[in-house]
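Subject: Structure handover: pockets, cavities and a sheet

Hi there,

Here is the structure I promised to pass on to you.

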Amino acid sequence: MCGRYAASRRPEDLAGIFEIEKWEPEETLEPDYNVAPTKEVYAVLDRPLKNADDPRPVRQLRTLKWGLVPSWSKTPEGGARMINARAETVHEKPSYRRAFASRRCILPADGYYEWVTGKQERDLEVEGKKKRPRKQPYFVSPADGSVFAMAGLYEFWRDRTLPDDHPRAWWVTCSVITTEAETSPLAVAPAEGPHALAEIHPRMPLMLTPDRWDAWLDPSRTDPEDLRGLLAPPPPGLMRAYPVTTAVSNVRNNGPELLKELAAPEEGTLF
């Protein structure tokens, strides 16, 4: 799954990486090392500009709220629960299938966090001696330091309680697509701990390699069967994972120190 990630790249850098044609300086976000559901996040998408004469799609960098609210939803409350969409069923689930057909985006990140229950903690839990095992967070990112381009969906939702000219009359929300975690060895694994992503968690965000970006963002591609071919996992051996401070478990903590690699899992959270 993807429940927390880091996104520290500036819009100028993302514009160069993704060949962005349009972004609004007033939508600039501060680097966020602990992105949590319901936060504003950057999204790359291809869409015609509003009120423009030219109907061609323009590659834009937009800020969206993480937690998808379907267009038909009566209220936005369920958005916090729709942070992830499964690659295996995204084409058929009512909440996601319309966005999958025509509103796909890329959510750029440095990488994502995932928590592992240490072996000693799991043993205690099994024995019934501890009800809330302490979990060790790991940070997962491309081994070469490139952008982690997560496949995403976005959707528009109209708040009918507000007038058309109200700044919050329209919500634009998004979701991360997830897939089965890789079972192949990590490109760079910690000295002690997991050696494959599947040993950390059974699922992971679907990372799109650059050769798939244009096809994924192309709004003219609407055939679900054609699009499902783009949901294949990336080649194995591209990722690294390492333990980080348990401070990241508290969403109020935020800063580059959360990405610092630990020499070993913190005491009490040994893998």
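This is a predicted model: local features need pLDDT of at least 70, side-chain atom pairs count only at pLDDT 80 or more; totals for chains, interfaces and linings use all residues.

**Pockets**

With those classes, the lining of the largest pocket comes out as 11 nonpolar, four polar and 11 charged residues. The space in this pocket is about 790 Å³. Its lining is made up of 26 residues, and those nearest the centre are E27, R62, F156, W170 and V172. Two or more lining residues come from each of the elements β2 (22-23), β4 (40-47), β5 (58-66) and β11 (170-180). Which of them gives the largest share of the lining? That is β5, with six residues.

The second largest pocket holds about 160 Å³ of space. Around it you will find P142, D144, S146, V147, M207, L208, T209, P210, W213, L238 and M239. This lining divides into eight nonpolar, two polar and one charged residues.

**Cavities**

Rolling a probe the size of a water molecule over the atoms shows where empty space is left. How many cavities of 30 Å³ or more does a search of the whole structure find? There are two.

The largest cavity has about 50 Å³ of volume. A7, S8, R9, L14, Y42, P108, A109, D110 and V147 form its lining, which by class has six nonpolar, one polar and two charged residues. If you look back at the second largest pocket, V147 is listed in its lining too.

For the second largest cavity the volume is about 30 Å³. The residues lining this cavity are P70, S71, W72, P94, S95, Y96, R98, A99 and E155. Five of them are nonpolar, two polar and two charged.

Strands of a sheet pair through backbone hydrogen bonds, either parallel or antiparallel. In this model, five strands form an open sheet in the order β3-β1-β8-β9-β13, and the pairing is antiparallel. At the edges stand β3 (32-35) and β13 (239-243); each has a single partner strand, so one side of each is left without a neighbour in the sheet. On average, neighbouring strands here are turned by 30 degrees against each other, direction ignored.

Why can β8 be called largely enclosed by the rest of the structure? Buried here means under 20% relative accessible area. Seven of the seven residues of β8 are buried, so the strand is largely enclosed by the rest of the structure.

On one side, β8 pairs with strand β1 (residues 5-7) in the antiparallel sense over two bridges, and A6 stands opposite G111 of β8. The pairing between β8 and strand β9 (residues 135-142) is also antiparallel and runs over six bridges. There, Y113 stands opposite F139 in β9.

Happy browsing, and do write back with any questions!

Best wishes

Note on methods: Residues are numbered from 1 along each chain as its sequence is written. Side-chain values use heavy atoms; hydrogens and water are left out. On a 1 Å grid over the protein atoms alone, a cavity is a set of points where a 1.4 Å probe fits but cannot get out, and a pocket is an open set with protein on both sides within 12 Å along at least five of seven lines; lining residues have an atom within 4 Å of a point. Grid points are joined across faces, edges and corners, and a volume is the space filled by probe spheres set on the points. Helices (H or I, at least four residues) and strands (E, at least two) are DSSP runs, numbered from the N terminus. Ala, Val, Leu, Ile, Met, Phe, Trp, Tyr, Cys and Pro count as nonpolar, Asp, Glu, Lys and Arg as charged, and the others, Gly among them, as polar. Buried means under 20% relative accessible area, exposed over 50%, partly exposed in between (1.4 Å probe, protein chains only). Two strands pair if DSSP finds at least two bridges between them. Axes are lines fitted to C-alpha atoms, for helices over the stretch in contact, and angles run from 0 to 180 degrees between N-to-C directions.
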